[in-house]
Amino acid sequence: MVLLSIVVLLVVIGVVIYRRIPLPLGSAAVALTWYLLGYLTPAFWSLWLVVPLAAVLLILNVPALRRPVLSKPVFQVLGKAMPSMSTTEREALEAGTTWWEKDLFSGRPDWHEFAQIGLPQLTQEEQSFLDNEVEELCAMLDEFDIHHHRKDLPEEAWQFLKDKGFLGLIIPKEFGGRDFGPYAQSRIMSKIASRSGTTAVTAMVPNSLGPGELLMKYGTDEQKQRWLPGLANGTEIPCFGLTGPEAGSDAGSIPDVGIVCKGEFEGQEVLGLKLTFSKRWITLAPVATVVGLAFKLHDPDGLLGDSSKSDYGITCALLPANHPGVEIGKRHHPGSPFMNGPIKGQDVFIPVDWIIGGAPMAGKGWRMLIECLGAGRGISLPALATASGEMLYRTVGAYARIRRQFNTEVGKFEGVQEATADIASCAYTMEAFRQMVTKGLETGSPSVMTAMAKYHATEMMRRVVNHSMDVVGGRAIQHGPRNFLALPYQSVPVAITVEGANILTRSLMIFGQGAMRCHPYLFDELQAIQAPDQEQGLKDFDKLFIRHMGHLFSNLLRVKLFGITRARFSGVPENANEFSRRWYQRINLLSAGLAVTSDMALGILGGDLKRRELLSARLGDVHSQLFIACAILKFHSAHARTDEEDAHAEYALRHALYTAQEALYDFYRNFPKRTMACALKWMVFPLGRVLTKPDDNAIRTLGGLILEDNPVRKAFRPFVYENDKADDPIGRVETTYQMLLSLEPTWSTFVRAQAKGELTGETLDERLEDAATKGLIRNEDIARLKEYDAKRYDCLLTDAFDKL
């Protein structure tokens, strides 16, 4: 009974702190609680416990007592322990927005808010563009020819991209652009990528990180009028020079410089910049007419008007590719023949007005770039990954049904089903993820969410393509116009490495930015600790710290309660059903576990957690997988329920949340403070693991479904480009598969009888005639079975060449 009294009192004090109830009301609440508990506990214990608790409550509620006793010592310790924040780091953290990922990090997801989120929809104009212009573009593309012969897009494809506005999807209509939303951009890039990855990369660059987006958000009116109409109609081809030989993922270390000086431009002396730069791996550079550049700006003579400031930091400028001194180098060879190459220049003079946004935006380039990276990370690269997942779901599933070994469809071997079930799960997850992320992008530029999207979508693509190679086998490695898999496999590294290498995206960005941007107090506390005015900083920190403690204490109680009950009674969205309810409750537990674990890790390790990349990456994995699980639930709820879709969602959710759970277990196993690690693990998982990974029955179910023309397979059809041409690499597989479906179970009956030796005859014709004579098939089926067998055999062939 004494223990119960203590727990109740702690809960009351936690609520008082978390809800920031004023001292009189807070004290009254505690006194009333203690009075009521006095009937249940001996007076001795009541007195022994209430005195220190009352003292704690008094200190917490009175700033004059709290600040010297609690806040100031913590303020001083953290001030020494936390590394100083550079201007570049501060700008990166302040850039962009947050969305649903912030709720998940807080440990208290607002399911009412979540229920109000609707998945994105295409406008009539966007749908028409997909159905017409995109289909027409895809029909004129041959990826094998592009890769092995042309090493470039066909001229008619280039012209079509320009004429139909593919390079200006994001540009407002007032400048001649399409002004399409994030979801439409993603769908367009996906469909193009399902036909030609080379073309998709070509089209996505002007619509992601590039001059167009930077001009729209930050350009002067004059700059917009000068460049946006040409970018919209394709008369201007943009590229953006950010990376170089010594600055890739660490873009803040770029050595390229611009020195403010006076020089001659168009016959007059003007204020400008002298640029020296050397960029590498710049997509579209070999064909670009306009070049965006990122460089470090220095003003040693104070010509910009601020004599006290000589180093402005990263700045972005826009200049014509044919400007004197700009050198576009030869092409790189990234493994896919999209245009990619180096740019360099030595002492290139440009007017100061060519800084994007003009002179007032000098030194603000890093923030501009961080905010604009969202399109590449959240739209373009995940769109390529999603296209791979959905196309390979359809083609590999069909091929595994057509291809037979040991008298069995290869897709029915359990070893193969382990791979195809993961293909099916990843494809379903990526589509759900894509829709949730593009919805979030409608609200702004959530930098943490888009980092999650880039990393996890491209890693799922890697898994799907590798599994597909295993399933299709030798047929997949032989290059030729029949092969639907070799070129996507070859191109996977492009998506993995650009817009930040995946290793660093996972280990540094997702949790590093996530903790600062998504935690309700952490970034503001750090700002207060490092404030120039330390007295005011302490006052600000004091207010934040007490709220932070209330937040932590509340989550500690929450996670302990959830751990004991496995969150069975926790809140869920009002529209949750019998399928989704338990999944939402598991998210509640893991979200609270993430919040408590992150707070404890940050409190104990401080700035050292940033250097413990293996630990921080695991917390980032938890955060990401919770967001992915929410995306799956939102996507699943948007459709009429079927057993097939339930099976896909169940598998995907179990995989996501099991991964999150194991990331927490791995974190506790490797956390250097063993006592705290054990305590955290006991709080979050007092009864052990709450989830298991998908079992063999789930693998067999999903591995079987991918062989069928099930509702999920049909739902993926509009997202990719397919045709019914028997000489097309995709069309050949799909038409053969559809013919097989139309002949079932007749074909199965025939091949089973043939395998058992029940049919006589040396040729297929003779065995078919014998099967008809024995009543196993009908006479009218013979011709169609012969036609199918010819298509089946043709579908399995690989290309051969006179010479390579």
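# Pockets, pairs and buried faces: worked exercises

H19 supplies 6 residues to the lining of the second largest pocket, the largest share of that lining. You're looking at a predicted model, where local features need pLDDT of at least 70 and side-chain atom pairs count only at pLDDT 80 or more, while totals for chains, interfaces and linings use all residues. Numbering starts from 1 along each chain as its sequence is written, and side-chain values use heavy atoms, with hydrogens and water left out.

## Exercise 1: The second largest pocket

Work out what volume the second largest pocket has, and which residues lie nearest its centre.

**Solution.** 
- Step 1: On a 1 Å grid over the protein atoms alone, a pocket is an open set of points with protein on both sides within 12 Å along at least five of seven lines; a cavity is a set where a 1.4 Å probe fits but cannot get out; lining residues have an atom within 4 Å of a point. Points are joined across faces, edges and corners, and the volume is the space filled by probe spheres set on them.
- Step 2: The volume comes to about 670 Å³.
- Step 3: The lining has 35 residues, and Glu143, Ala193, Arg195, Gly197 and Pro488 are the ones nearest the centre.
- Step 4: Two or more lining residues come from each of H9 (143–150), H11 (182–195), H12 (197–204), H15 (365–402), H19 and H30 (729–743). The H names belong to helices (DSSP runs of H or I, at least four residues), while strands are runs of E of at least two, and numbering goes from the N terminus.

## Exercise 2: The largest cavity

How many cavities of 30 Å³ or more are there, and which helix gives the most to the lining of the largest cavity?

**Solution.** 
- Step 1: The count is 3 cavities of 30 Å³ or more.
- Step 2: The largest cavity holds about 70 Å³ of space.
- Step 3: Its lining includes Asn575, Phe579, Tyr584, Leu633 and His636.
- Step 4: H25 (residues 613–637) gives the most to this lining, with 3 residues.

## Exercise 3: Salt bridges

Find out where Asp799 and Arg482 sit in the chain, and whether each is buried or exposed.

**Solution.** 
- Step 1: A salt bridge needs a side-chain nitrogen of Lys or Arg within 4 Å of a carboxyl oxygen of Asp or Glu. The structure holds 38 of them.
- Step 2: Asp799 and Arg482 form one of these bridges, at 3.7 Å from N to O. It links distant parts of the chain, 317 residues apart: Asp799 is in the segment after H33 (782–796), and Arg482 is in the loop between H18 (474–477) and H19 (486–497).
- Step 3: Buried means under 20% relative accessible area, exposed over 50%, and partly exposed in between (1.4 Å probe, protein chains only). Asp799 counts as buried because its relative accessibility is 17%, and Arg482 counts as buried because its value is 15%.
- Step 4: Now try another pair. Arg401 and Glu409 bridge with their closest N and O atoms 3.3 Å apart, and both residues are buried.
- Step 5: For contrast, look at Arg778 and Glu780, whose closest N and O atoms are 3.7 Å apart. Glu780 counts as exposed because its relative accessibility is 54%.

## Exercise 4: The two faces of H27

Which residues are buried in H27 (residues 674–684), and which exposed residues are on the face turned away from its buried side?

**Solution.** 
- Step 1: Ala677, Leu680, Met683 and Val684 are buried.
- Step 2: These four cover an arc of only 130° around the axis, so they are on the same side of H27. That arc is taken from the directions from the helix axis to the C-beta atoms.
- Step 3: Thr675 and Trp682 are the exposed residues on the face turned away.
- Step 4: The cover over the buried residues includes H22 (534–565), H23 (581–605) and H26 (643–670).

## Exercise 5: Two residues compared

**Solution.** 
- Step 1: Contact means heavy atoms within 4.5 Å.
- Step 2: Thr420 is in H16 (residues 414–441). Thr420 is buried, at a relative accessible area of 1%.
- Step 3: Glu125 is in H8 (residues 124–139). Glu125 is partly exposed, at 35%.
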